[in-house]
Amino acid sequence: MTYEQPQLPYEHDALEPAISKETVDYHYGKHEKAYIDNLNRLIKGTEYEDEELEDIITHSSGALFNNASQAWNHIFYFFTFSPDGRREPTGQLRKAIDRDFGSFEKFKEAFVEAGVGLFGSGWVWLSRDEKGKLLITQGPNAGNPLTDGLTPLLTFDVWEHAYYLDYKNRRADALARLWDIVDWEIVEGRF
Ligand code: MN
């Protein structure tokens, strides 16, 4: 199968000022497109050609893992945002966040702190384990919690390409602004 890059459900300037149109143009339009193009090139004519992307991520290593996981991670990331979504978690997810992190405010602080504390490139994740407990983890480079048997709920990209055009080296500021565009209705749907 050939993977296609899904069209974003919002205009490229819809996330401003948290993420500029220029960053979406490059980050989704060029970086993410390259991962998908590489994925398609690497699976062509191999046993991976007919696997689901999630299965390729858990079954592969090296360049194939890196491109498959980056292809998945960016879709997951960009499809978490909306210009006019629910800005706080509700229901069962809210209860789980309060239970496992103390409060929504404490969760947000811990999540950004984990993103800032990740050395180099990678991703910070909120995931659920099989018992329903919530965890914040750091995934270097193309890291993805699917490889640890977790269910990913939310991720922030901490590669410099995600924020350098808008925030230069200020990663903490870049991550904190993402709370303005996370749509918690989408995150709750993954819980
Ligand atoms: Mn990225």
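Along the chain, the donors of the manganese ion follow the spacing H-x46-H-x82-D-x3-H, where donors are N, O and S atoms within 2.8 Å of the metal (3.2 Å for Na, K and Ca), and, as water is not among the atoms, sites may look incomplete. The structure is a predicted model, in which local features need pLDDT of at least 70 and side-chain atom pairs count only at pLDDT 80 or more, whereas totals for chains, interfaces and linings use all residues. Residues are numbered from 1 along each chain as its sequence is written, and side-chain values use heavy atoms, with hydrogens and water left out.

The protein donors are His27 (NE2), His74 (NE2), Asp157 (OD) and His161 (NE2), which lie 1.9 to 2.1 Å from the manganese ion. Two of these residues, His27 in helix H1 (residues 21–43) and Asp157 in strand E3 (residues 151–157), are 130 residues apart and link distant parts of the chain; helices (H or I, at least four residues) and strands (E, at least two) are DSSP runs, numbered from the N terminus. Both His27 and Asp157 are buried, a term that denotes under 20% relative accessible area, with exposed meaning over 50% and partly exposed in between (1.4 Å probe, protein chains only).

The domain assignment divides the chain into domain 1 (21–78) and domain 2 (91–190), with bounds that come from an automatic or database domain assignment. The C-alpha centres of the two domains lie 20 Å apart, and the contact (heavy atoms within 4.5 Å) takes 18 residues from domain 1 and 21 residues from domain 2. Between them the domains bury about 1,600 Å², 65% of it on carbon and sulfur atoms, buried area being the accessible area (1.4 Å probe) that two parts lose on being put together, summed over both. Of the area that domain 1 buries against domain 2, 39% is supplied by Thr23, Phe76 and Tyr77, more than by any other three residues. On the side of domain 1 that touches domain 2, H1, helix H2 (53–59) and helix H3 (62–78) each supply at least two residues, and H3 gives the most, with nine residues.

Within strand E2 (residues 134–140) lies Ile136, which is partly exposed, with a relative accessible area of 24%. When residues up to four places away in sequence are not counted, Ile136 touches Phe101, Phe107, Ala110, Phe111, Ala114, Val124, Trp125 and Leu126.
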